[in-house]
Amino acid sequence: MKFFSDRRLITIILANVISSIGTGITGTAIPWLLLNYSGGEVIYGYTYLFTTIAAFILSPFIGSFIDKYSRKDCLLLSQGLGLLFILPFTIHLQFTSQLSPWELVIIQIGGFFYWSIQVGVSPRYV
């Protein structure tokens, strides 16, 4: 099958699967860790409310940005920015073995907007 012989396609699919697994784990772990702090449910609630309102307001701008450039470039940009965003937290976590609530909130917000770009880049099924 020609589908499986195209190395570039396999690389893109594999990268997307790995990214989706990481996003899924982060999307579950960050709220869970935040809820384990005293008062974490209130912090999480306000964080989610803020990110939802901000995403609603920024969605037309994100969509316009994605429409101006190739989806591939937007996907690569979002992946690179996502890596640069999460890397300092990962390094910090390696040395301290814990994240404070404000760090979890920042990761939650960054992940929310990362996912907003990913949804905008993905093919639309209408």
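The crossing of helices H2 and H5 is left-handed in this predicted model. The axes of the two helices come within 10 Å. They cross at roughly 145°. On the H2 side, the contact is made by Ser19, Thr23, Thr26, Ile30, Pro31, Leu33 and Leu34. On the H5 side, the residues are Pro101, Leu104, Val105, Ile107, Gln108, Tyr114 and Trp115. Ten of the contact residues are nonpolar and four are polar. None is charged.

With neighbours within four places in sequence left aside, Ile30 is in contact with Leu104, Ile107 and Gln108.

The chain as a whole is helical in its secondary structure, with five helices and zero strands. From the N terminus on, the order of elements is α-α-α-α-α. Along the principal axes, the C-alpha atoms fill a box of roughly 55 × 35 × 25 Å. The chain has 126 residues, and 21% of them are buried. Its accessible surface comes to about 9,300 Å². Carbon and sulfur atoms account for 73% of that surface. Among contacts with a separation of 6 or more, 68% join residues 24 or more positions apart.

Ser78 has a relative accessibility of 4%. Ser78 therefore counts as buried, as this value falls under the 20% cut-off. Residues up to four places away in sequence are again not counted in what follows. Ser78 touches Tyr114, Ile117 and Gln118.

Phe65 is placed in helix H3, which covers residues 40-68. Phe65 has a relative accessible area of 38%. This residue is partly exposed, because the value lies between the 20% and 50% limits. Leaving aside neighbours within four places in sequence, Phe65 is in contact with Cys74 and Leu77. Ser5 lies 60 residues from Phe65 along the chain. The C-alpha atoms of Phe65 and Ser5 are separated by 33 Å.

Ser97 is found in the loop between H4 and H5. Its relative accessible area is 62%. Ser97 is therefore exposed, as the value is over 50%. The backbone of Ser97 also deserves a note. Most residues other than glycine have a negative phi. In Ser97, by contrast, phi is positive, with a value near 65°.

Key. Residues are numbered from 1 along each chain as its sequence is written. This is a predicted model: local features need pLDDT of at least 70, side-chain atom pairs count only at pLDDT 80 or more; totals for chains, interfaces and linings use all residues. Side-chain values use heavy atoms; hydrogens and water are left out. Contact means heavy atoms within 4.5 Å. Axes are lines fitted to C-alpha atoms, for helices over the stretch in contact, and angles run from 0 to 180 degrees between N-to-C directions. Helices (H or I, at least four residues) and strands (E, at least two) are DSSP runs, numbered from the N terminus. A crossing is left-handed if the near helix is turned anticlockwise from the far one by less than a right angle, and right-handed if clockwise. Ala, Val, Leu, Ile, Met, Phe, Trp, Tyr, Cys and Pro count as nonpolar, Asp, Glu, Lys and Arg as charged, and the others, Gly among them, as polar. Buried means under 20% relative accessible area, exposed over 50%, partly exposed in between (1.4 Å probe, protein chains only). Accessible areas come from the Shrake-Rupley method with a 1.4 Å probe; for residues, only the protein chains shown count as cover.
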